Amino acid sequence: MAYDHDAVVVGSGPNGLAAAITLARAGCSVLVCEANATIGGGARSGELTLSGFVHDVCSAVHPLAAGSPFFKTLPLDRFGLEWIQPNIPLAHPLDDGSAACLYRDVDLTAEQLGGDSRAYRSLMKPLARNWEKLANEFLQQILHLPRRPLALARFGIPALCPASLLSKILFKHEPARALFGGIAAHSFLPLESIASSAFGLVLGMAGHAIGWPIPRGGSQAIANALANCLRGLGGKVETNHRVENLSDLPKSRTTLLDVSVWEFLRIARGQMPPAYRHRLESFQHAPGIFKIDYALSKPIPWTAEACRRAGTIHLGGTLDEIAAGERDVARGRIPERPFTLVSQQSLFDESRAPRGRHTLWAYCHVPFDCKIDMSDCIESQIERFAPGFRDCVLARHKMSGADLEKSNLNLAGGDINGGATNLMQLIARPIFSPTPYRTPLRGVYLCSASTPPGGGVHGMCGYHAARLALREIFGKH
Ligand SMILES: Cc1cc2nc3c(=O)[nH]c(=O)nc-3n(C[C@H](O)[C@H](O)[C@H](O)COP(=O)(O)OP(=O)(O)OC[C@H]3O[C@@H](n4cnc5c(N)ncnc54)[C@H](O)[C@@H]3O)c2cc1C
């Protein structure tokens, strides 16, 4: 049979581009087909509010991209990617006007936690020291033969604990408990569930080892650098090419799909063996988000001084309050005070807003496919820790789950992680197999965040899927 390309990749998100680069590096001719007019999927930026204000449409803060073992092998800086490290990676304000902070330095972080300093230091120091070894272990399929079993056990045992329990066993005081609980809430799991600590540990240790950096100019800079790297290897990217059915694709020896499980079910309808289709149909969504981007007339008047120097701020108050909000969300209820994440990129990157003006990226957790406008709840959470915030707002751009899905087919119902990240779906993502990327369709591999290691801008799903395709289709090891 004559092929148009060695490989076709559907979707130009970080995983699609990582897969395409891995294939092109091995000498394959590659075409990437992207539904949107612009590339990048979850790594895009644009003027969502007013002219001159550059907002991140999806991802904003990038410990996993800056720490990605695959991205590190690429000359992305030569293609314009520059990381900016905010003075403080993360601040978590409390109602007494103080804030617990995650600093790059473990000791500095531990010191401000008073009575919990020793516990924090002994938890985080060995993990942060071993980031390089550990990142390779957990940024792949969970079930594998570890190359660093001891380091992995030191991470894996606490990672399996429910985050509420681990915080309460390890820490006696609210600042440390709330700080850890907020980071663990990135899992979108109730903090009482098994393995909800994993995100707290991974993102916490990344904060110390890598930082929580932002890309100069916006997250689009990550996608642009990856795409330019791909073009340098001879790969092509075609935008405005929405794939409606797999059978419409140009002929290729292999196809890699940077699409969610649900988009895969749609574009491969009628072609999947029933048992595989049933398995994918039973894959569960994570809860959703409601997002607002703001154009601001001035910096946010945070009560806690540390928040004025932090890139990311977690708004949720105490550990118990965050846990209650996440429980509500998991049960399909709207929390009164939802866990809200904000990033104030323009404080550290002057290219994001006109001189003296600022941007704010904010989202809160809501039940899957929630239709409710959460603006008031988000703004009340910000006002709670920064009275006078509303007076700074020049313009708002809101995105519900449905709006997110319109902007990226992978974000159905506002699920930003390609499916829930409970223990079951971390192990069987999307199926229980030593090669979960392989599908029963000949030469077709899934490579999106619905595969291991899951959500986040790191490209590792794409890299691992492409490596498998290279082995199985092209005999390259
Ligand atoms: C609001 C928001 C905030 C986030 N914040 C962060 C953060 O701060 N840090 C972080 O690391 N991660 C963050 N994430 C998660 C991160 O963006 C995703 O996990 C990551 O982008 C997943 O990459 P991917 O390549 O698997 O899919 P995506 O980035 O979603 O890319 C998939 C691409 O495939 C295209 N596509 C889908 N279906 C088709 C089709 N049928 N035909 C053609 N093209 C198709 C889409 O248009 C899209 O461009 C956030 C996500 C969102 C939505």
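The model is predicted, so local features need pLDDT of at least 70 and side-chain atom pairs count only at pLDDT 80 or more, while totals for chains, interfaces and linings use all residues. Residues are numbered from 1 along each chain as its sequence is written, and side-chain values use heavy atoms, with hydrogens and water left out.

**A buried strand**
- Strand β12 (residues 310–315) has 6 of its 6 residues buried, so the rest of the structure largely encloses it (buried means under 20% relative accessible area, exposed over 50%, partly exposed in between; 1.4 Å probe, protein chains only).
- Strands are DSSP runs of E with at least two residues, helices runs of H or I with at least four, numbered from the N terminus.
- β12 runs parallel to β6 (residues 88–93), joined by 3 bridges, and Leu 90 has Thr 312 as its bridge partner.
- With β13 (residues 340–343), β12 pairs in the antiparallel sense over 4 bridges (pairing takes at least two DSSP bridges).

**Salt bridges**
- The count comes to 26 salt bridges (a side-chain nitrogen of Lys or Arg within 4 Å of a carboxyl oxygen of Asp or Glu).
- Arg 384 and Asp 95 meet in one of them, at 2.8 Å, N to O.
- Arg 384 lies in helix α14 (residues 375–385) and Asp 95 in the loop between β6 and β7 (99–102), so the pair ties together parts 289 residues apart in sequence.
- Arg 384 counts as buried at 17% relative accessibility, whereas Asp 95 counts as exposed at 54%.

**Surface**
- Phe 432, in the loop between α16 (423–427) and β16 (444–446), counts as exposed at 60% relative accessibility.
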